Amino acid sequence: MIGFKDVTRIYDNMTALRKVTFGIEKGEFVYITGPSGAGKSTLLKLIYLAEKPDEGTIRIAGWDTDTLRESAIPYLRRNIGVVFQDFKLLANRTVYDNIALALRIRGFGENEIKGRVQDALKLVGLRHKTDNFPVALSGGEQQRITIARAIVGEPTVLLADEPTGNLDVDNAAGIMKIFKEINARGTTILIATHNRELFRNTGLRVLWFDSGNLVADEEG
Amino acid sequence: MIYSIKLALKSLWFEKWIHMLTVVTIGVGLFVLGLIFFSLYNIEGITSRLPERFSVMVFLSEGTGNREINQLKARLSEDPIVERIKYISKDDALVELRTSLKDAAYILEGLDENPLFPSIEIRLKKNSFDRTRVEGLINELKGLRSVNDVVYGEDLLGTIYTIRNGVKTISAGVILLFSMAIIFVCYSTVKILFYRRKEEIEIFKLLGATKAFIRLPFLIEGGTLGFLGGLLGGAGTYILYRFINGLVISDFPMLGVMHLPLGLVAALPAGGAILGIIGSTIALGRLRF
Ligand SMILES: Nc1ncnc2c1ncn2[C@@H]1O[C@H](COP(=O)(O)OP(=O)(O)O)[C@@H](O)[C@H]1O
Ligand SMILES: [Mg+2]
């Protein structure tokens, strides 16, 4: 599903990732962890093609970064749902329109969009917030709207960058429950977090990073 | 597609003040273009009818026989630039002169003999004006023994055509300049909108939007601005045309022959839309993912 081979990413003179190699199978639930600055966010950005590797090759869903044409990028991104660390919700649109956007981009009709957005909102437990604007929502609620937008297009991979970063324990547990449900439907999930509590005793696979190096790959 | 139109309409409404300004600016530009095309059309119309109005008078020599006259008539009828010919005998010419003199016709009373020459009046084909060919024909005629003289308003026509070509060249320059100005106005408007929506566009890209999906609303927006400007300019041109016709027609009947082709009025919005789309395309530049 996802394969990194000797991937290096250098910002100016800062090496964010150094010769990283690993593979993730379809349907896996994987944590990416390590201290701040370890390269977790960079790794996710490489997967959703916001960054390009300086060296090495990344394979995603049958495509690879050596031969990928720029015009194919949008279609590849539709296979990848992203829960951004800063949410990236549009402040001038309602919850409904924010989630629907992911489907409008894919050219869906409004009728189909309506049903799918309602389903996604139900999954994250926010059906009653359909017509609110993002500013009127709490951090946890915004996080869940971002998740709804990421999964509404039924991507094969879901990436989340510090999804519990600013949330209290209850909210964080709620979010993790949603991810488990999504994973149970067959979606591959990668979560980048510096919070070890999230994966302690879960028995899930954890990739440990430090200063851009993959230092441990603990199979669950 | 429908969603792109919605986005464009929403933005058009949301930014209506900046848009109003743009539309008016484009409208003025297209109004000027409309006037230029209108003038060119009429200059073209009037001048292309000139060869038809100016006829070539071929005065025949005294004592030219019927056989020679018939030969000459046949030769002229075959010429590709000749519309038709009219033979005017000495007697016809005198009758014509009498008629044109009207009350003063008595001055002809004292003549015992018709002093006029028979002649052939040649009407040239409309739009067939080609100086070298007309001059060639005239020189050929002048060389004939049976022809006494050839009279043609060539100098006047030549001058008119020189002026016409000058006007055309200047107009082409002005048209180019104004088209570029309109493109620039659309360019800067769309550029502003693009920067205002930069964050939104980044999110569109991350969610998997194609370049076409991102561009389309801006192109629709730019095209609509140009189209509305064209409607304004077209309306302006039409109103001015009606105004001129109403005001001036009685004082200067010569101007009554002016026409405003409906195609021109319709071409302004279409042209505006095209210029708007060109400006927007330049403003968007090369999108990168
Ligand atoms: N756009 C950037 N420009 C320059 N340096 C960057 C950029 N993004 C990240 N870095 C650097 O790369 C390293 C890894 O960053 P990041 O992947 O965000 O780490 P993490 O998410 O694990 O905290 C950090 O040292 C960071 O300062
Ligand atoms: Mg990070």
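Let me start with B:His19, which is buried at a relative accessible area of 4%, where buried means under 20% relative accessible area, exposed over 50% and partly exposed in between, computed with a 1.4 Å probe on protein chains only. This histidine is found in helix H2 (residues 16–53) of chain B; helices (H or I, at least four residues) and strands (E, at least two) are DSSP runs, numbered from the N terminus. If we leave aside its neighbours within four places in sequence, B:His19 is in contact with B:Ser11, B:Leu12, B:Thr189, B:Leu193, B:Glu221 and B:Leu225, contact meaning heavy atoms within 4.5 Å.

Please keep in mind that this is a predicted model, in which local features need pLDDT of at least 70 and side-chain atom pairs count only at pLDDT 80 or more, while totals for chains, interfaces and linings use all residues. Residues are numbered from 1 along each chain as its sequence is written, chains are lettered from A and ligands numbered from 1 in the order in which they are written, and side-chain values use heavy atoms, with hydrogens and water left out.

One of those contacts, B:Glu221, brings me to the salt bridges, each defined as a side-chain nitrogen of Lys or Arg within 4 Å of a carboxyl oxygen of Asp or Glu. B:Glu221 meets B:Arg197 in such a bridge, at 3.6 Å from N to O. The two residues are 24 apart and link distant parts of the chain, with B:Arg197 in the loop between helix H6 (154–196) and helix H7 (198–206) of chain B, and B:Glu221 in helix H8 of chain B. Both B:Arg197 and B:Glu221 are buried.

Over all chains, a search of the whole structure finds 25 salt bridges. What does the pair of A:Glu70 and B:Lys211 join? A:Glu70 lies in the loop between strand E5 (63–64) and helix H2 (73–77) of chain A, and B:Lys211 lies in helix H8 (residues 211–248) of chain B, so the pair joins two chains; the closest N and O atoms are 3.5 Å apart, and A:Glu70 is partly exposed at 23% relative accessible area.

Within chain B, B:Glu140 and B:Arg75 form a salt bridge whose closest N and O atoms are 2.8 Å apart. Because B:Glu140 lies in helix H5 (residues 131–142) and B:Arg75 in helix H3 of chain B, this pair ties together parts that are 65 residues apart in sequence. B:Glu140 is partly exposed, with a relative accessible area of 36%, and B:Arg75 counts as partly exposed at 28%.

Now to the sheet in chain B, where four strands form an open sheet in the order E2-E3-E1-E4 with antiparallel pairing, two strands being paired if DSSP finds at least two bridges between them. Strand E2 (82–88) and strand E4 (147–151) are the edge strands of this sheet, each pairing on one side only. Helix H3 (residues 66–78) of chain B packs on the sheet, touching E1, E2, E3 and E4, and its direction makes about 160° with that of E2(B); axes are lines fitted to C-alpha atoms, for helices over the stretch in contact, and angles run from 0 to 180 degrees between N-to-C directions. Four bridges join strand E1 (residues 56–60) to strand E3 (residues 119–124) of chain B, and B:Phe59 stands opposite B:Ser119 in E3(B).
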